[in-house]
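Try each task before you read its solution.

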Amino acid sequence: MSDIALPVSSWMDEELTMLEDACRQFYERECVPHYEEWEAQGSFSRDLWLKAGEMGLLGAEVPEEYGGLGGSFAHDAVIAYQGNLAGIDGWGGGLHNSIVIPYLIHYGSEDQKMRLLPRMISGDLIGAIAMTEPGAGSDLQNIKTSAIKDGNHYKISGSKTFITNGALANMIIVAAKTDPKAGGRGISLFLVETDGLDGFRRGRNLDKLGMKSNDTSELFFDDMRVPASALLGPEEGKGFAQMMDQLPQERLLIGVYAMARIERALRHTVDYVKERSAFGHKIAEFQNTQFALAECSTEATIAKTFLDACIAEHLEGKLTTEKASMAKYWLTDLQAKIIDRCLQLFGGYGVMSEYPMERMYRDNRIERIYAGTNEIMKLVIARGLLKD
Ligand SMILES: Cc1cc2nc3c(=O)[nH]c(=O)nc-3n(C[C@H](O)[C@H](O)[C@H](O)COP(=O)(O)OP(=O)(O)OC[C@H]3O[C@@H](n4cnc5c(N)ncnc54)[C@H](O)[C@@H]3O)c2cc1C
């Protein structure tokens, strides 16, 4: 693919550049040749997770005392960006690395970290986070799954839906109400190891518009008993605050996905318009093509500059929830617009599945919905702006 010369990230260094090269080779070698098969079966292979673990692509943010690289979100951003640039859009490694593992790092007890993190780094444990329920998505405070203390155990009952990695995950963070009357303050998070766990049931691997290689599933908890030590954090009722604290990184990750896909769409399109001819001219020679690509490239440059500034702020612990929400909503909106414009330049081939834009068009749609819909992002931004 053509290089489209986007700005180089200020936070990159020599080590991260080496990681970038290693990722590129890994995705090309281990993922690209199998991608169609994973799309057809509706999930990645278990083996891929283990290979990613061997390559050091899982748990890069984990401190060295728990077997990790002691890296930062910069490492995970590189791993996620290169995956999406290579078209491995559906892999839930980003969620495992940048969403699930940080809960353990930030709120896990010493015992939970020692027990779970090394196996999450190796890929023996695959992470998921189960917040959404059939009756509660944006309105998370309204979840109905309950966790009732029963001696040294909690009894968890309820169901979840739309859970990324849901068919393969065996270390699932489950949000449940320990006090149903207390609204958000009654929510607690549990670290649930599902292998051989009574009362845990997976539902359908849901068929969806895009990201078909990612297993997105329903989960059911029928009086599922977990030890009291599965509670995340020192006491009950902290789950909502924990989720709110972790959202900036989750939203930034979605911004990273969006940016990589913008770059990918533009690279493919530049290649295509130089090859394809109409009326005796290359498509690239038409002024409409040049204007469209010039506009997309300008917007991509602005987007990358903004995203890099957000990542740099996040690495210094200074990224606000509002700014992370801006990155999530604006980059995913831009991604949709640029992919649509690029597809148009492919003509009919744009909607053919042998060509890259067709899958990119389908895969990108969910980005404006999950990790908080773009409408919710705007509410968060406005709330910050209007507060006294
Ligand atoms: C492929 C996929 C993967 C997912 N992965 C996960 C996962 O791993 N874990 C997990 O817990 N969840 C996951 N989700 C769930 C996702 O986060 C929710 O779908 C999302 O938060 C929206 O919730 P909802 O679908 O219930 O929509 P609703 O909340 O019902 O929203 C419907 C519409 O109403 C709008 N709306 C809602 N409230 C307001 C408001 N106050 N003001 C203005 N507009 C509003 C929304 O923006 C949306 O347009 C996933 C979803 C999908 C489709």
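A residue counts as near a molecule when one of its heavy atoms lies within 4 Å of it. This is a predicted model, so local features need pLDDT of at least 70 and side-chain atom pairs pLDDT 80 or more, while totals for chains, interfaces and linings use all residues. Residues are numbered from 1 along each chain as its sequence is written, and side-chain values use heavy atoms, leaving out hydrogens and water.

**Exercise 1.** Find which residues are closest to the ligand.

*Solution.* Start with the shell: 19 residues surround the ligand, and the closest are T132, S138, T164, T373 and E375. Next, look for polar contacts (pairs of N or O atoms within 3.5 Å; within protein, one must be able to donate a hydrogen and the other to accept it, and residues adjacent in sequence count only if both atoms are side-chain atoms). A backbone N or O atom of F162 is 2.8 Å from a ligand nitrogen. A side-chain N or O atom of E375 lies 2.7 Å from a ligand oxygen.

**Exercise 2.** Decide whether E133 is buried or exposed.

*Solution.* Recall the cut-offs: buried is under 20% relative accessible area, exposed over 50%, partly exposed in between (1.4 Å probe, protein chains only). E133 has 6%, so E133 is buried.

**Exercise 3.** Classify M352 by its relative accessibility.

*Solution.* Apply the cut-offs again: M352 is partly exposed because its relative accessibility is 38%.
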